Amino acid sequence: MDGVKSTQEVLHTKDQNLRHLSQEEVKKLIHQSDEAKKYSYSPYSKFRVGAALLTLDNRVFTGCNVENASSNLGVCAERNAIAKAVSEGCKDFRAIAIAR
């Protein structure tokens with residue numbers, strides 16, 4: 001995970017019977033977000049971003065930023081990951097990691 005900064009300030013959600021993410025789960029999610037940014041299409045800003053979204057049933061959906069010449073038509077990595085998850089029927093999430 002070269003170039004990935006991890007922080008001890010991980011926000012956890014307490015909801016029903018959800019458990020906290022382990023440090024290993026956090027590291028894995030960060031790594032997946034870092035891998036996702038490799039697919040970024042950012043020819044204008046050259047600013048690659050990746051996201052990894054963890055669902056309640058432990059599925060992971062990744063996304064990257066996609067730029068367009070018309071800047072307001074670009075899509076951020078988080079939005080791509082959420083759209084992929086929702087299109088697969090997932091609407092409840094445990095965590096998201098974003099690598100930039």
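Ala-51 stands opposite Gly-63 of strand β2, where two strands are taken to pair if DSSP finds at least two bridges between them. The model is a predicted one, so local features are reported only at pLDDT of at least 70 and side-chain atom pairs only at pLDDT 80 or more, while totals for chains, interfaces and linings use all residues. Residues are numbered from 1 along each chain as its sequence is written, and side-chain values rest on heavy atoms, with hydrogens and water left out.

That pair of residues is a handy way into the sheet. A second pairing links Leu-53 to Phe-61, its bridge partner in β2. Altogether β1 and β2 pair in the antiparallel sense, over five bridges. The sheet itself is open and has three strands in the order β2-β1-β3, with antiparallel pairing. β2 and β3 sit at the edges with a single partner strand each, so one side of each has no neighbour in the sheet. From one strand to the next, the twist averages 15°; axes here are lines fitted to C-alpha atoms, for helices over the stretch in contact, and angles run from 0 to 180 degrees between N-to-C directions. As a reminder, side chains in a regular strand alternate between the two faces of the sheet.

Stepping back to the whole chain, there are two helices and three strands. Helices (H or I, at least four residues) and strands (E, at least two) are DSSP runs, numbered from the N terminus. Read from the N terminus on, the elements go α-β-β-α-β. Of the 100 residues in the protein chain, 30% count as buried, with buried meaning under 20% relative accessible area, exposed over 50%, and partly exposed in between (1.4 Å probe, protein chains only). As for contacts (heavy atoms within 4.5 Å), residues 24 or more positions apart account for 56% of those in the protein chain with a separation of 6 or more.

Helix α1 (residues 23–36) lies across β1, β2 and β3, and runs at about 50° to β3. α2 also lies across β1, β2 and β3, at about 140° to β2. In α2 (residues 77–87) the buried residues are Ala-77, Ala-81 and Ala-85. Viewed down the axis of α2, these fall within an arc of 70°, so they line one face of the helix; the arc is that of the directions from the helix axis to the C-beta atoms. Their cover includes β1 (50–55), β2 (60–64) and β3 (93–99). On the other side of α2, Arg-79 and Ser-87 are exposed. Just past the end of α2, Gly-89 takes a positive phi of about 95°.

Back in α1, which holds Asp-34, that residue counts as buried at 10% relative accessibility. The side chain of Asp-34 is joined to that of Lys-37 by a polar contact of 3.4 Å. A polar contact is a pair of N or O atoms within 3.5 Å; within protein, one must be able to donate a hydrogen and the other to accept it, and residues adjacent in sequence count only if both atoms are side-chain atoms.

Most residues other than glycine have a negative phi, and most peptide bonds are trans. Lys-46 has a positive phi of about 60° although it is not a glycine. Lys-46 belongs to the loop between α1 and β1 and, at 63% relative accessibility, counts as exposed. Asn-58 takes a positive phi near 65° in the hairpin of β1 and β2, which has four residues between the strands. With a relative accessible area of 43%, Asn-58 is partly exposed.

Tyr-41 is also placed in the loop between α1 and β1 and is partly exposed, with a relative accessible area of 45%. Leaving aside residues up to four places away in sequence, Tyr-41 touches Asn-65, Val-66 and Glu-67. Tyr-41 and Cys-64 are 23 residues apart in sequence and 7.8 Å apart in space, C-alpha to C-alpha.

Cys-64 is buried, at a relative accessible area of 12%, and Cys-90 is buried at 8%. With a disulfide taken as a pair of cysteine sulfur atoms within 2.5 Å, the count comes to zero disulfides.
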